[in-house]
Amino acid sequence: TWAVISGISGYQIWADILSRASMNAIDFYRFLRDEQDLDPDHMILLVDAEATGEMFENAVDDISRRAGEEDRLVVFYSGHGSQEAPGSGGLEEEDGMNEVLCFYDEDLDDDTLAEIINGFPGICYLFADACHSGGLVNDFDSGDQVLIVTAAREDKSVSERILTPILLQASRGDADADGNGTVTAGELVD
């Protein structure tokens, strides 16, 4: 298992500053390291000014080159999400908008994000604690090996820190509906 974890609270523009997004990333990193025994050498943590679009893309590309088809990639993002018009014009953009994740220095649109993540040879789990993040699912096909869990529908803004506490609590066992000691993707989504 590999992980790229990004959280941005300290954006360059004062009005964009969030209070908890970077701590969400740190909490998720600690959860994977301390409770899931994920090797820190298999994780890349990008917080605030380190969480640039280029650093994110380079991190996923680097891991994708080292990983195999049996590997898993966990991508966690906490920060601003938005929509931009016009969309790519594809069938996936019924509303004519691209959903974006707002990194420290640039926005990565849903098309670019899908291209980056689909470069990973194994299964990917994408968790996005951001407004409008539900629209990210439109850019992946059923044949892609990606599970996406988001904080909001594509047409909705949400308060900060919606997904992360639920995700952590569920992953710690609260979502284990059948009590077998394993939280499945379906149980997590439920």
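Mentor: Buried means under 20% relative accessible area, exposed means over 50%, and partly exposed lies in between (1.4 Å probe, protein chains only). This is a predicted model, in which local features need pLDDT of at least 70 and side-chain atom pairs count only at pLDDT 80 or more, while totals for chains, interfaces and linings use all residues. Residues are numbered from 1 along each chain as its sequence is written, and side-chain values use heavy atoms, with hydrogens and water left out.

Trainee: Is D37 buried or exposed?

Mentor: D37 counts as exposed because its relative accessibility is 65%. D37 sits in the loop between α1 and β2; helices (H or I, at least four residues) and strands (E, at least two) are DSSP runs, numbered from the N terminus. The phi of D37 is positive, about 55°, although D37 is not a glycine.

Trainee: Where is D48 found, and what is its phi?

Mentor: D48 is in the loop between β2 and α2. Its phi is also positive, about 50°, and D48 is not a glycine either. With 22% relative accessibility, D48 counts as partly exposed.

Trainee: How should I read the nonpolar core, and which residues have the most contacts inside the largest one?

Mentor: In soluble globular proteins, nonpolar side chains tend to be buried together. A nonpolar core is a set of buried Ala, Val, Leu, Ile, Met, Phe, Trp, Tyr and Cys residues joined through side-chain atoms within 4.5 Å. Here the largest has 33 residues, and V4, F56, L73, Y77 and L126 have the most contacts inside it. The elements giving two or more residues to this core are β1 (2-7), α2 (53-66), β3 (72-78), β5 (98-102), α3 (110-117) and β7 (123-129). A second, separate core of 21 residues includes V74, V149, L167 and A170.

Trainee: What is L73 in contact with?

Mentor: Contact means heavy atoms within 4.5 Å. Apart from neighbours within four places in sequence, L73 is in contact with W2, A3, V4, V60, I63, F120, I123, C124 and Y125.

Trainee: How many aromatic pairs does the structure hold?

Mentor: Rings of Phe, Tyr and Trp (its six-membered ring) pair if their centres lie within 6.5 Å; planes under 30 degrees apart count as stacked, over 60 as edge-to-face and the rest as tilted. The structure holds five such pairs. One of them, F28 with F76, is stacked, at 4.5 Å centre to centre and 10° between the planes. F28 belongs to helix α1 (residues 21-35) and F76 to strand β3, so the pair links distant parts of the chain, 48 residues apart. Both F28 and F76 are buried. The pair of F56 and F103 is tilted, at 4.9 Å and 35°. F56 lies in helix α2 and F103 in the loop between β5 and β6 (107-109), so this pair ties together parts that are 47 residues apart in sequence. F56 is buried at 1% relative accessible area, and F103 counts as buried at 3%. Ring pairs also link F28, F31, F76 and F127 into a cluster.

Trainee: Which residues of α2 are buried, and where do they lie around its axis?

Mentor: An α-helix has 3.6 residues a turn, so residues three or four places apart point the same way. In α2 the buried residues are G53, F56, A59, V60, I63 and S64. Seen down the axis, they fall within an arc of 135° (taken from the directions from the helix axis to the C-beta atoms), so they line one face of the helix. The face turned away carries the exposed residues E54 and R65. Among the elements covering the buried residues of α2 are β1, β2 (43-47), β3, β6 and α3.

Trainee: Which side chain makes a polar contact with that of S78?

Mentor: A polar contact is a pair of N or O atoms within 3.5 Å; within protein, one must be able to donate a hydrogen and the other to accept it, and residues adjacent in sequence count only if both atoms are side-chain atoms. The side chains of S78 and N24 are joined by one of 2.8 Å. S78 is in strand β3 and counts as buried at 2% relative accessibility.
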